[in-house]
Amino acid sequence: MILQRGSFNGTKILSPASVVEMHKDQTGGARIAYTIYEKHSARDPSLPMARYGVGVWREKVEEGSQQLREASSQGALGFSPWIDVDRNLAGVLSVQSSFSRVMPVYLELKEEIRRIIPATGDPLALH
């Protein structure tokens, strides 16, 4: 539904503007004391810079425009949904384990998906 700008099976659930607002940085530049990504900067130095939208971590954004490219919302026991705008793809890693054990698997899974599935050229950009 999010990748389809708020529609599901042709039915509008959210307005496209609502989806865009959900994915904007909602922190107002506030200092974030702790993120789930701090321990994983060796894998991707941009991860600790992730900011929070409405119910999502903005994992990857376009450099200049700050448009969302990837979002996620990990749960404490490893449930890890994500959206990859560049590949028009949504996925879920559903496990029950400690978050510290799941995070490396989640990041490796996404790296492998990026390697296998090329970016689509942004047909449904969330601007």
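Select K60 first: K60 is partly exposed, with a relative accessible area of 22%. The model on screen is a predicted one. K60 sits in strand β4 (residues 57–61). D44 belongs to the loop between α1 and β3, and the pair links distant parts of the chain, 16 residues apart. Is D44 buried or exposed? D44 is buried, with a relative accessible area of 16%.

**R114 and its surroundings**

From K60, go to R114, which touches K60, E70, D84 and R87 when residues up to four places away in sequence are not counted. R114 is in helix α2, and R114 is partly exposed at 25% relative accessible area. Draw a C-alpha distance from R114 to D84: the value is 9.2 Å, across 30 residues of sequence.

The side chains of R87 and D84 meet in a salt bridge, 3.2 Å from N to O. Both R87 and D84 are buried.

Now select E59, E70, K110 and R114 together; a network of salt bridges links these four residues.

How many salt bridges does the structure hold? There are 12. One of them is between the side chains of R43 and E108, at 3.3 Å from N to O. R43 lies in the loop between α1 and β3 (51–52) and E108 in helix α2, so this bridge ties together parts that are 65 residues apart in sequence. R43 is partly exposed at 35% relative accessibility, and E108 is partly exposed at 44%.

In soluble globular proteins, nonpolar side chains tend to be buried together. The largest nonpolar core here has 13 residues, and Y37, M103 and Y106 touch the most other members. Helix α2 (residues 99–116) gives the most to this core, with 6 residues. Select a separate core next: it has 5 residues, including I2, L3, V19 and I83.

Return to Y37 and display its contacts. Leaving out residues up to four places away in sequence, Y37 touches L47, P48, A50, W57, E59, S72, Q74 and M103. Two of these have come up already: E59 in the salt-bridge network and M103 in the largest core.

**Aromatic pairs**

Show the aromatic rings. Across the whole structure there are 3 aromatic pairs. For Y52 and W57, the ring centres are 5.0 Å apart and the planes are at 75°, so the pair is edge-to-face. Y52 is partly exposed, with a relative accessible area of 30%, whereas W57 counts as buried at 13%.

Move to W82 and Y106. Their ring centres are 5.7 Å apart with the planes at 75°, so this pair is edge-to-face. W82 lies in strand β6 (residues 80–84) and Y106 in helix α2, so the pair ties together parts that are 24 residues apart in sequence. W82 is buried at 5% relative accessibility, and Y106 is buried at 0%.

To finish with the rings, select Y37, Y52 and W57, which form one aromatic cluster.

**Backbone stops**

Switch to the backbone. Most residues other than glycine have a negative phi, and most peptide bonds are trans. Q66 is in the loop between β4 and β5 (68–72) and is partly exposed at 41% relative accessibility.

Then select N88. N88 has a positive phi of about 50°, although it is not a glycine. Its place is in the loop between β6 and β7 (89–93), and N88 counts as partly exposed at 31% relative accessibility.

**Last stop: the surface**

How values were computed
Residues numbered from 1 in each chain as written. Predicted model: local features only at pLDDT ≥ 70, side-chain atom pairs only at ≥ 80, totals over all residues. Heavy atoms only, no water. Core = buried A, V, L, I, M, F, W, Y, C linked by side-chain atoms within 4.5 Å. Buried < 20%, exposed > 50% of the residue type's maximum accessible area, 1.4 Å probe, protein only. Helix = DSSP H or I, 4+ residues; strand = E, 2+ residues; numbered from the N terminus. Contact = heavy atoms within 4.5 Å. Phe/Tyr/Trp six-rings, centres within 6.5 Å; stacked < 30°, edge-to-face > 60°.
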